[in-house]
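Keep the 3D view open as you read.

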Amino acid sequence: MATGANKKPAEVRLDRQDPEKIKARLLAKYPPKVARKRAKQIVVNKVSADGEVPVISSNVRTVPGLMGQRGCCYAGCKGVVLGPTRDIINITHGPIGCGYYSWLTRRNQTDPDSSADGHNYIPYCFSTDMQDQEIIFGGEKKLKQAIQEAYDNFKPKAIAVFSTCPVGLIGDDVHAVCREMKAKLGINVFGFSCEGYKGVSQSAGHHIANNGIFKHVVGLDDTVKEGNYRINLLGEYNIGGDAFEIERLFERCGITLVSSYSGNASIDAFANSHTADLNLIMCHRSINYVAEMMETKFGVPWIKVNFIGAAATAKSLRKIAQYFDEQELTDIVEQVIAEEMPAVEAACADVRPRTEGKRAMLFVGGSRAHHYQELFAELGMKTLSAGYEFGHRDDYEGRKVLPDIKVDADSRNIEEMEITPDPERFKPRISEAKKAELEAKGLQFSAYDGMMTEMPDGTMVIDDLSQYETDQLIKMFKPDIFCAGIKEKYTVQKHGIPLKQLHSYDYGGPYAGFKGAINFYKEIDRMVSSRAWQYMRAPWQEHPELSATYAWE
Amino acid sequence: MKSAMRTDYYTATQNACNLCAPLGAALVFKGIANTVPLLHGSQGCSTYIRRYMISHFKEPLDIACSNFGEETAIFGGGANLKIAIDNIRKQYCPDLIGIATTCLSETIGDDVPMFIKAYQNGCRDEDLPALVHVSTPSYQGTHMQGFHGAVRALVATLAETASVEGPLSVNLFPGMVSPSDLRQLKEMVAAFDLEAILVPDYSETLNGPLWTEYQPIPQGGTPVAALRRTGGAAASIECGLVLSGEKETAGTWLEDHCGVPLHRLGLPIGIGASDLFFASLAAISGQPIPGKYTAQRGRLLDALVDGHKHFNGVKAALFGEEDLVAGLAAFCGELGIIPVLCATGGGNGRFVQTVQSVVPERYHDQMQILEDSDFVTIEKTLEALAPDLLIGHSKGFTMSRRLQRPLIRVGFPVHDRVDGSRMLHLGYRGAQQLFDRIANTLIEEKQKKNHVGYTYY
Ligand code: SF4
Ligand code: SF4
């Protein structure tokens with residue numbers, strides 16, 4: 001829903017500047033062809049009365065020579081989706097760099113004590129470290145050996161193999177190698193053809209990872225975990241301990257978490273995640289495929305949630321209660337919210353005098369640029385402009401546009417799996433009648449309305465922001481805070497504008513749930529109220545006459 | 001002397017101790033004024049490399065990319081490279097674009113020099129930036145090969161032999177050292193009334209002040225015009241003992257093509273190596289060593305004598321970039337520290353011999369030297385060697401934690417301390433700082449373990 005945007009005409013003009021003019025200035029230096037392409041990715045938001053928003057071009061290839069934020073397919077597959085799972089040994093099949101750069105760089109936390117064997121391979125980086133010889137004669141032999149060595153050293157439950165760019169070109173059959181080693185070692189070994197040149201960003205890798213997990217792991221274990229209100233949390237990667245905070249809330253409410261994809265995750269939990277009764281989606285972009293496939297094959301429905309922001313957290317908990325529709329759960333959820341909120345409100349009231357009216361920009365990921373607007377709104381701050389690094393149109397405009405999304409050369413090479421209901425295990429968790437009843441009460445299934453529908457008119461939505469455009473935005477707006485990642489951090493801060501990293505949280509956090517919201521309020525207060533910036537210019541730069549004084553003294 | 005290659009242990013690599021080639025090349029290009037590094041391949045590599053270097057330098061660090069898609073991987077990247085160069089010119093108006101290849105464009109065999117020629121021919125009457133290419137397949141070499149390769153490519157592409165007017169200049173190829181080190185080197189050369197042409201010089205671009213005005217490309221770096229003058233310099237100094245066994249470097253190129261005399265030295269880490277460095281500057285300039293440095297040296301020696309009790313017989317494990325480790329090993333020898341392990345992920349087959357040549361013979365039978373190594377191997381080796389401390393980069397932290405030995409951070413990457421770009425290793429002052437850090441760490445360990453709580457050491 002559009003958060004009151006239409007009721008507040010004051011916000012139509014972007015920070016008192018004409019957004020169309022801003023757009024023109026962003027495009028001015030590009031060659032005509034580039035400008036035409038970027039023009040479709042830079043959109044001035046407008047939400048119509050029935051919730052329609054303008055079309056934004058997204059998930060399209062970045063123009064060569066424009067420095068963007070995006071990583072590659074391999075990064076999305078290995079780093080984002082599989083990486084946070086502690087007990088799979090992830091072997092990078094390729095030259096050393098790709099594996100090295102994805103070694104413990106993401107800030108996903110895990111608690112090895114929460115599984116019986118305590119396995120944790122997150123601190124390791126396994127690579128076949130391809131050399132000339134493998135590029136010329138093929139790397140399958142070395143890959144087999146790498147799998148064998150990893151097995152001999154660690155005796156893991158599962159080994160996953162990730163292909164990098166050269167692998168696809170030299171034609172190694174990683175899947176055949178994995179099958180062979182799986183038979184030989186008697187553990188689960190599976191491969192991903194996630195060469196970096198596939199798709200246009202990490203997003204392709206998410207999809208490939210979703211497919212692979214679903215094909216090789218989900219459904220392997222039918223044990224039904226004990227407990228009431230059994231759910232999976234999808235697309236929550238436990239950055240800064242977010243998942244721990246959400247787990248805390250579930251526990252308080254008596255909600256049973258069967259599996260989480262893939263923050264604080266174990267492969268065993270993926271294997272029986274199909275036994276849960278509801279899937280909750282946090283990051284729609286990276287994980288909606290698993291949810292869709294699980295629904296088709298096993299009958300588990302999904303709803304969109306968001307635990308970023310105190311109000312959003314409360315709302316998400318209520319949605320879960322609404323779905324299970326039991327008085328007992330509804331009561332606990334209300335009680336938990338009532339108990340948690342006072343501390344949140346007090347913290348917010350404390351910082352608001354300093355944060356009210358300040359202006360933020362968010363360019364990050366495939367869901368956070370949306371979710372974090374909630375927290376800024378709670379601080380009384382305005383989001384002037386936002387965009388995703390690797391979102392698709394449905395993440396911007398809502399899933400209703402899915403049928404209109406065109407398949408292009410870059411998306412065609414990502415496999416769409418054909419899923420059919422499992423003959424024995426498909427079991428709709430709720431009847432059609434019940435579903436209709438809940439929908440009538442406002443609970444939406446398989447729905448995500450996207451970011452733009454919730455942003456005020458006149459704000460700028462920019463997909464795949466480039467470094468050059470970042471610099472221009474900073475120059476034109478001087479926002480009070482800019483949210484992106486480490487690649488943008490130090491450029492933005494050179495201008496004296498604080499940058500909050502929303503990938504790694506600047507190694508802070510958690511920011512999810514109620515406690516997380518409090519952390520975030522304090523952090524943003526610290527950043528926008530910092531006094532360091534006032535020393536940017538030395539006194540004699542500010543007042544040249546002073547330098548003479550100093551010299552004279 | 002015991003030494004081993006990694007093959008004694010494993011085929012695959014677990015927890016690598018080296019990075020990939022285009023990273024080194026991109027870093028070099030960041031040390032040239034008004035330059036944009038461009039990786040020819042898919043965008044993941046440039047993003048990873050940017051991200052990784054930024055976590056060390058904590059500075060803006062932009063690297064462009066020619067952005068291969070699947071069809072590019074099949075049909076070749078010529079068209080993409082052209083578009084990338086066009087767009088970089090429009091956005092940044094650079095003086096130079098430094099083009100390094102990734103494993104992808106190398107594997108498909110893109111002929112980048114030909115693409116560049118075609119591009120230059122296609123815009124004959126335009127004011128083009130210099131286009132410098134270096135081939136950096138990571139399956140053939142580490143980030144150090146990429147680094148030295150890019151330095152060579154820069155002079156080989158740009159150097160002119162014309163005789164030079166003005167002050168005597170010296171080409172200085174410092175190797176992969178910190179911005180603070182680079183500043184220190186420039187100061188040292190200037191003290192001899194010589195002009196230093198540093199390749200690369202990222203002392204400002206990767207360790208600059210806040211901006212009062214927007215800078216499309218951070219200021220600083222060696223100007224392209226200076227690179228052209230490398231052919232007319234009085235001499236070249238190339239740092240790195242392992243590197244000095246390499247036949248094709250920037251220094252040898254200038255010697256062969258422009259007749260610039262080449263001084264091949266170790267990195268000036270510690271007393272002996274710094275002495276040699278100053279001796280070279282004195283010889284090139286014909287000037288005596290300035291009193292300021294004699295005084296620095298004197299103070300360093302004074303501290304060494306006073307602090308000897310802290311070091312004698314202490315065992316250290318060194319790891320990281322090959323020439324840094326060789327330099328540190330020599331310095332340890334000077335301090336009376338036994339470098340029980342010297343390990344590198346690269347090495348080029350010359351590492352073992354080089355380290356042997358700089359460490360006093362009496363230590364040799366207590367030492368292990370590992371070339372082409374990784375952290376699993378290093379850690380295994382260390383179990384038996386029981387070092388007192390580790391000296392190396394941040395990736396040794398896990399090992400330091402498991403072995404419960406302190407890690408003194410040096411070199412690259414340092415992403416778990418704030419001063420990665422400000423650490424000083426070179427010259428007498430660098431040695432002094434290293435000395436202080438090592439001594440203080442050893443004292444702190446002793447102090448922590450002591451039950452009384454003495455405060456005099
Ligand atoms: S493909 Fe090669 S260049 Fe790219 S990150 Fe991997 S090792 Fe480095
Ligand atoms: S080589 Fe490919 S897989 Fe590796 S980092 Fe580069 S783009 Fe990604």
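Predicted model: local features only at pLDDT ≥ 70, side-chain atom pairs only at ≥ 80, totals over all residues.

Another cis peptide bond joins A:Gly509 and A:Pro510, where omega is about -5°. Here the setting is a loop: A:Pro510 lies between β14 (499-501) and α21 (513-528) of chain A. One more backbone detail deserves a glance, at A:Ser446, whose phi is near 45°, a positive value in a residue other than glycine. You will find A:Ser446 in the loop between α18 (432-440) and β12 of chain A.

Let's return to β7 and see what surrounds this strand. It belongs to an open sheet of 4 strands in chain A, ordered β7-β6-β8-β9, with parallel pairing. At the edges stand β7 (256-262) and β9 (302-304) of chain A, each of which pairs on one side only. From one strand to the next, the twist averages 25°. Further inside the order, strand β6 (residues 230-236) of chain A is joined to strand β8 (residues 278-281) of chain A by 4 bridges, and the two run parallel. To place that pairing in your viewer, look for A:Leu233, whose bridge partner in β8(A) is A:Leu280. A helix accompanies this sheet: α13 (residues 310-324) of chain A lies across β6, β8 and β9 of chain A, and runs at about 160° to β8(A).

Now for a sheet that draws on both chains. Its 5 strands follow the order β5(A)-β4(A)-β2(A)-β3(A)-β2(B), and the sheet is open with mixed pairing. The edges are taken by β5 (188-192) of chain A and β2 (13-14) of chain B; each has a single partner strand, so one side of each is left without a neighbour in the sheet. Helix α8 (residues 174-185) of chain A packs on this sheet, where it touches β2, β4 (158-163) and β5 of chain A, and its direction makes about 175° with that of β5(A). Within the sheet, 2 bridges connect strand β2 (residues 88-93) of chain A with strand β3 (residues 126-127) of chain A, and these strands run parallel. A:Ile91 is a handy landmark here, as its bridge partner in β3(A) is A:Phe126.

The ligands bring the two chains together in another way. Because residues from chains A and B surround ligand 1, the site is shared between chains.

Around ligand 2 you will see A:Cys72, A:Tyr74, A:Cys98, A:Thr164, A:Cys165 and A:Gly196, along with B:Ser42, B:Gly44, B:Cys45 and B:Tyr48. For this ligand, the element that gives the most to the shell is helix α2 (residues 43-57) of chain B, with 3 residues. The shell around ligand 2 has 6 nonpolar, 4 polar and no charged residues.

Stepping back, how much area do chain B and chain A bury between them? The total is about 6200 Å², with 60% of it on carbon and sulfur atoms. The contact takes 64 residues from chain B and 70 residues from chain A. Across this interface the rule finds 1 salt bridge. In a salt bridge with an N to O distance of 2.9 Å, the side chain of A:Lys494 meets that of B:Glu59.

Over all chains, the structure holds 50 salt bridges. One of them links A:Asp463 with A:Arg70, with the closest N and O atoms 3.8 Å apart. A:Asp463 lies in the loop between β12 (460-462) and α19 (467-477) of chain A, and A:Arg70 in the loop between β1 (42-44) and α3 (73-82) of chain A, so the pair ties together parts that are 393 residues apart in sequence.

Notes:
Residues numbered from 1 in each chain as written. Chains lettered and ligands numbered in written order. Heavy atoms only, no water. Pairing = 2+ DSSP bridges. Contact = heavy atoms within 4.5 Å. Axes fitted to C-alpha atoms, helices over the stretch in contact; angles between N-to-C directions. Near = heavy atom within 4 Å. Nonpolar A, V, L, I, M, F, W, Y, C, P; charged D, E, K, R; others polar. Buried area = accessible area lost by both parts, 1.4 Å probe. Salt bridge = Lys/Arg side-chain N within 4 Å of Asp/Glu carboxyl O.
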